[in-house]
Amino acid sequence: MKTKNIYYALIPARSGSKSIKMKNLQKINGRSLLDIAIDNLKSINYVNEIYVSSDSKKILKIAEKKNVKTILRPKKISGDTSTANQVIKHFLSKFKFFNKNSYLIYLQVTSPLKNHKHISKAIQKIEKLKADSLISCYEKDSEKVYKTFSINKKNRIYPLFGKKIATSNRQKLPRSLMPNGAFYITKIKNRTNPYPINFKDCCPYLMNKNEVIDINSKKDLNLARKTFKNKSFINA
């Protein structure tokens, strides 16, 4: 496939995790989560450069051995409350080579079931639609989204989307998509933009819900290991 744009990839891989020690280096089928993410991107020949951002010199050394570029991230944006926006802003502040046709693939290490085919198809979609941004998603039951309630300080509940939506037929509810945390792609055009996704021109890349396990606990990690063991993955 020929692309009209230039694609750079950024893999966030901080050292800290309350649930699993050095989570990004945990292994599945003999490869670490970081290895899996890098191998997926290396399987896509139109990804121009791959970067790993981490506060850990150990993680950066492992990434360098796999011949990808590294960025030492400050500790102040490497904690549990740090955001993707901060990581991307730091990345963009270090490099000045982007042009109007540059896109960034932000790939989460902790979602190992997605593979290079998913990312390739997502790039094809963003090229075809000429969209500004793309988010990997799965379809969610609209009733579970639109017919939800919240509770106020007086211990009374109320419909989040109003009475009309809460009492409407399921068939009339809008289609609902949920981000799955695997990856997103966004055009690099404004370094000062406080949020990288342009929701005015953002398309979804739909995946099955069981194609992604977002590893946040030991239970998630064991499930991912079991899934890899029972299925055949190529560069997944």
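View 1. S53 has its place in strand β4, where helices (H or I, at least four residues) and strands (E, at least two) are DSSP runs numbered from the N terminus. The model shown is a predicted one, so that local features need pLDDT of at least 70 and side-chain atom pairs count only at pLDDT 80 or more, while totals for chains, interfaces and linings use all residues. Residues are numbered from 1 along each chain as its sequence is written, and side-chain values use heavy atoms, with hydrogens and water left out. With a relative accessibility of 1%, S53 counts as buried; buried means under 20% relative accessible area, exposed over 50%, and partly exposed in between (1.4 Å probe, protein chains only). Neighbours within four places in sequence being left aside, S53 is in contact with L10, I11, P12, A13, R14, I71, R73 and V87, contact meaning heavy atoms within 4.5 Å.

**View 2. The seven-stranded sheet.** Seven strands form an open sheet in the order β5-β4-β1-β6-β10-β7-β11, and their pairing is mixed. The edge strands are β5 (69-72) and β11 (202-206), each of which pairs on one side only. Averaged over the sheet and with direction ignored, neighbouring strands are turned by 30° against each other; axes are lines fitted to C-alpha atoms, for helices over the stretch in contact, and angles run from 0 to 180 degrees between N-to-C directions. Two strands are said to pair if DSSP finds at least two bridges between them. Strands of a sheet pair through backbone hydrogen bonds, either parallel or antiparallel. Strand β1 (residues 6-12) and strand β6 (residues 102-107) pair in the parallel sense, over five bridges, and within this pair Y8 stands opposite L104 in β6.

**View 3. Helix α3 across the sheet.** Helix α3 (residues 84-94) lies across β1, β4 (47-54), β5, β6 and β10 (176-187), and runs at about 135° to β6. The residues V87, I88, H90, F91 and L92 of α3 are buried, and what covers the buried residues of this helix includes β1, β4, β5, β6 and β10. One of them, V87, is also among the residues in contact with S53.

**View 4. The two sides of helix α2.** In helix α2 (residues 57-65), the buried residues are I59, L60 and A63. They lie on the same side of α2 because they cover an arc of only 100° around the axis, the arc being that of the directions from the helix axis to the C-beta atoms. An α-helix has 3.6 residues a turn, so residues three or four places apart point the same way. The cover over the buried residues of α2 includes α1 (33-42), β4 and β5, whereas K57, K58, K61 and K65 are exposed on the other side of α2.

View 5. Most residues other than glycine have a negative phi, and most peptide bonds are trans. N67, which follows α2, has a positive phi of about 60° although it is not a glycine. N67 is found in the loop between α2 and β5 and, at 68% relative accessibility, counts as exposed. N29 is likewise not a glycine, yet has a positive phi of about 55°. N29 is found in the loop between β2 (27-28) and β3 (31-32), and is exposed, with a relative accessible area of 56%.

**View 6. Cysteines without a disulfide.** The structure holds zero disulfides, a disulfide being a pair of cysteine sulfur atoms within 2.5 Å. The sulfur of C137 is 7.3 Å from the closest cysteine sulfur, in C202, which is too far for a bond. For the sulfur of C202, the closest cysteine sulfur is in C203, at 6.2 Å, again too far for a bond. C137 is buried, with a relative accessible area of 8%, whereas C202 is partly exposed, with a relative accessible area of 28%.

**View 7. R156 in the loop between β8 and β9.** R156 has its place in the loop between β8 (149-151) and β9 (157-159), and is exposed, with a relative accessible area of 54%. The side chain of R156 reaches the backbone oxygen of K154 at 2.9 Å. Residues up to four places away in sequence not being counted, R156 touches S150 and I151.

Conventions:
Polar contact = N/O pair within 3.5 Å; in protein donor to acceptor, adjacent residues only side chain to side chain.
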